[in-house]
Amino acid sequence: MSNSIKEHRKATKRLARSLKKTDVYHWLCERGYFPESYVLPPCFVVDKRPAKPKVYTKVTGGGKKYKVPRTECLNVHFPKTEYTDRNFGLIHPEIHNDIAYHISTNWLTIVEKMVPKNSQVTSYTFPIPIDSRNPGRVGYLRSGRLIYEFIGMIDDDIASEAYKYRYIVKADIKSFYPSIYTHSIAWAIHGKKFIRKPANMHSYKLLGNRLDRLFQNANDGCTNGVPIGPVVSDVIAEIVASAVDVNFTKLVRDSGVECEAVRFKDDYRILTKSESDSKRIIKFLQASLKEYSLELSDEKTTISLLPDGLFREWVSKYHAVHPVKKKSYSWKEFRELYLATIRIDKECTGTGVIERFLADIVDKGGKLKIKVGDFNLQKVISMLIMLGSLRIKAFPKIIAILEGVLRSDFGFIHQDTIVEYLEDYLITLSEEEERNKYLISWISYFLVSNGLDKFLSTKPKYKDPITRSILNNRGNVFKDCKEHKIFVGCKTIAKKITMIEHLDVFNPPKIT
């Protein structure tokens, strides 16, 4: 019987090797520059970049000198919990270009490090989109493909192999991207012993050392952490995680423990035959991570007796209250599903149940499946915005749904009500701009792109270059890069795509 997990690994490597270097470079520079679509509004898009592969900083002095300018990442963050934030980073375009150049020109080496032969851990997060229907071409989906991969890993491949085992270990690398030690990039590519030889430590002829220096100087010279968001960071994270997997594989094979291991970014699922094997597996993983200055997250490491822990609990709970999608909802049906969604979100925190609810209550064009009238407009706006406070990541989709309401005949007549609600919220958020940049950015884009900013009674003044760019409708980011343009006017881009199209990870718009 074929093993679907092993087949996935073989197919990934075959398709990855078939990609052309120049295609990888162009995709990284354009589609891979910004974080996923829910992070920044559509006005942040790569509109201009080098037409041909080029490098800005060259190695000189026989490989001993590599004078990469020191720059700082432009940070974008949103509150993850009441006390913590999730930070995304935009890399200076010229340094980002050079990282993309070195990854693409050494593509076969990079593939070998991301899908190593001597690893029995199968990763479901290959950073560059690949498509089995179009071998040799970079796929168009990014986030959507990874969602498919995650669902395939959990619901299909792991489930198919689980009957051979009794336990499942779930483990997560603690603060993965912020904890990556940039020197470990070279360790992962060339081997720690090799790179630590005096002749190799500072040789920029070596790919790993060049990438190490580029990521350091993209982040003000810091050796701890790579920015979350750019796909070049995903490539580096995958290289480091795969090197950890190789160490882990050796420890497992030497011990004789039987297991089946998969990984989605920093998230491991490992099938074992006994509880004692599960505990040994965790120790092996801890030891392997330590070699790369990483560690496991204690609170996210669990051992479960199968079938517990195999499937996503929130999916079952949501299906129980909403087994079939509907073409339309009465006001009562909408309200009850809304309340059920909130209950499930409390029981299964940090999951995608709110996003599922939002996807179910709109059609493909983003139009609400409930009738909005004078009797419920204010209630709908208020209820949706409250959902955004529970799941910040879902806030852009909520704003996109409100855009659909605004563009309806009824919404156009009542645009004053919509503006009033959002202006009140914007004023409250603006009292703590640094804390609320994410929400401010999306509300500002909604207002400016739909020509509603002129109705604001007061126009807030912002310090942050991202929020200032959006509300003023003028780019204020990385203005020193003459060959790069990464901001397009809000009204200009709004004529090409709606917010709901921008956020559709399974059918993203092709902006021309």
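**Ground rules**

Residues are numbered from 1 along each chain as its sequence is written, and side-chain values use heavy atoms, with hydrogens and water left out. In this predicted model, local features need pLDDT of at least 70 and side-chain atom pairs count only at pLDDT 80 or more, while totals for chains, interfaces and linings use all residues.

**Entry 1: cavities**

I looked up the cavities first. A cavity is a set of points, on a 1 Å grid over the protein atoms alone, where a 1.4 Å probe fits but cannot get out; lining residues have an atom within 4 Å of a point. A volume is the space filled by probe spheres set on the points, and grid points are joined across faces, edges and corners. I found 3 cavities of 30 Å³ or more.

The largest cavity has a volume of about 130 Å³. Its lining has 15 residues, and M114, V115, T122, S123 and E238 are the closest to its centre. I then asked which elements supply the lining. Helix α1 (4–17), strand β3 (121–123) and helix α11 (231–255) each give at least two residues. Helices here are DSSP runs of H or I with at least four residues, strands are runs of E with at least two, and both are numbered from the N terminus.

I sorted this lining by class: 5 nonpolar, 6 polar and 4 charged. Nonpolar covers Ala, Val, Leu, Ile, Met, Phe, Trp, Tyr, Cys and Pro; charged covers Asp, Glu, Lys and Arg; the others, Gly among them, are polar.

The second largest cavity holds about 60 Å³. Residues that line it include C29, Y33, H484 and I486. Helix α3 (residues 93–105) gives the most to this lining, with 3 residues. By class I noted 5 nonpolar, 3 polar and 1 charged.

**Entry 2: nonpolar cores**

A nonpolar core is a set of buried Ala, Val, Leu, Ile, Met, Phe, Trp, Tyr and Cys residues joined through side-chain atoms within 4.5 Å. Buried means under 20% relative accessible area, with a 1.4 Å probe and protein chains only; exposed is over 50%, and partly exposed lies in between.

The largest core has 156 residues, and W107, L358 and F446 touch the most other members. Helix α11 gives the largest share of this core, 12 residues. A second, separate core has 15 residues, including I5, L146, F150 and M153.

**Entry 3: H322**

Where is H322? I found H322 in the loop between α13 (313–321) and α14 (331–347). H322 is buried, at a relative accessible area of 8%. Leaving aside neighbours within four places in sequence, H322 is in contact (heavy atoms within 4.5 Å) with Y329, L337 and D360.

**Entry 4: aromatic pairs**

Rings of Phe, Tyr and Trp (its six-membered ring) pair if their centres lie within 6.5 Å; planes under 30 degrees apart are stacked, over 60 edge-to-face, and the rest tilted. I counted 15 aromatic pairs.

One of them joins F44 and F487, edge-to-face, at 5.3 Å centre to centre and 70° between the planes. This pair links distant parts of the chain, 443 residues apart. F44 and F487 are both buried.

Why is the pair of F334 and Y338 called tilted? Their planes stand at 35°, so the pair is tilted, and their centres are 6.3 Å apart. Both residues lie in helix α14, 4 residues apart, about one turn of the helix. F334 is buried at 1% relative accessibility. Y338 is buried at 5%. Ring pairs link W331, F334, Y338, F357 and F375 into a cluster.

Definitions and conventions
1 Å grid on protein atoms, 1.4 Å probe; cavity = no way out; pocket = protein on both sides within 12 Å on 5 of 7 lines; lining within 4 Å.
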